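Subject: The structure I promised you

Hi,

Here is the structure we talked about.

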Amino acid sequence: MNTNENANLYLIAGLGNPGPEYRRNRHNVGFMLLDRMAERLGLNFSRFESNALIAKGEYQGKRLILAKPRTYMNLSGQAVGALLRYYKVPLANLMVAYDDVDLPLGTLRLRPTGGSAGQKGMMSIIERLGTQDFPRLRIGIGRPPGRMDAADYVLQDFSAAELEFLTPTLERAVDAVLTFLSEGLDAAMNKYNANG
């Protein structure tokens, strides 16, 4: 693969914890996004590579790898780093989607760079890649109620009401990632950071 070919290759990583018991957790919103994206594009998570469940496909001439790390959240960097290196994906073509307690439920924030804000999966990826300069999509899950610890809160399931509210948010998040692929990060940020 030469560099020109790689310019059209994108790795979209959604963060979460593996296993059915975590499926509806707030921490697994990155996985939820990728499931919807795969459904929209007619892709299946049928391969296991570099400690991740992956789906491959195309969108408007761009080659895609959707990846759900099968490590636990705090080791997400192992899978993301290995896939990035193996496929020689340019850093600017990596998009990491994850939950953010500092954003209200239903809010999307795309950024070209930034710290982890304490999110363990992002900490692991930044540490493994040796840089924080890669695109990310933060999906707001809201603050824990009262004095509940954030670590406990993110491992709770979304309530039925929250899931109902989350459904259009995840559809918008898929649109945001597809806009990133077709028009670039700036266009996606202009369109999706403003609303919600």
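Below is what I found, going from the whole chain down to single residues.

First, some ground rules. This is a predicted model, where local features need pLDDT of at least 70, side-chain atom pairs count only at pLDDT 80 or more, and totals for chains, interfaces and linings use all residues. Residues are numbered from 1 along each chain as its sequence is written, and side-chain values use heavy atoms, with hydrogens and water left out.

**The overall picture**

The protein has seven helices and seven strands. Helices here are DSSP runs of H or I with at least four residues, strands are E runs with at least two, and both are numbered from the N terminus. Going along the sequence, the order is α-β-α-β-β-β-α-β-β-α-β-α-α-α.

How does the radius of gyration fit a compact globule? A compact globule of 196 residues would come out near 16 Å, and the protein has 15 Å, so the two agree. (That radius is taken over C-alpha atoms, and the globule rule is 2.2 Å times the number of residues to the power 0.38.) Along the principal axes, the C-alpha atoms fill a box of roughly 55 × 30 × 30 Å.

Of the 196 residues, 53% are buried. Buried means under 20% relative accessible area, exposed means over 50%, and partly exposed is in between, with a 1.4 Å probe and protein chains only. As for contacts (heavy atoms within 4.5 Å), take those with a separation of 6 or more: 70% of them are between residues 24 or more positions apart.

**Salt bridges**

Side chains of opposite charge can pair when their charged atoms come close. A salt bridge here is a side-chain nitrogen of Lys or Arg within 4 Å of a carboxyl oxygen of Asp or Glu. The structure holds nine of them.

One is between Arg40 and Glu171, whose closest N and O atoms are 2.9 Å apart. Arg40 sits in helix α2 (residues 29-41) and Glu171 in helix α6 (residues 160-183), so this pair ties together parts that are 131 residues apart in sequence. Both are partly exposed: Arg40 has a relative accessible area of 37%, and Glu171 has 29%.

Now look at Glu49. Its side chain meets that of Arg47 in a salt bridge at 2.9 Å, N to O, and that of Lys56 in another at 4.0 Å. Is Glu49 buried or exposed? Glu49 is buried, with a relative accessible area of 14%. Arg47, at 40%, counts as partly exposed, and so does Lys56, at 33%. Elsewhere, salt bridges that share partners join Arg36, Arg40, Glu171 and Asp175 into one network.

**A closer look at Ala52**

Ala52 is in strand β3 (residues 52-59). With 0% relative accessibility, Ala52 counts as buried. Which residues does Ala52 touch, leaving out those up to four places away in sequence? They are Arg47, Ala67, Lys68, Pro69, Arg70, Ala79 and Leu83.

Cheers
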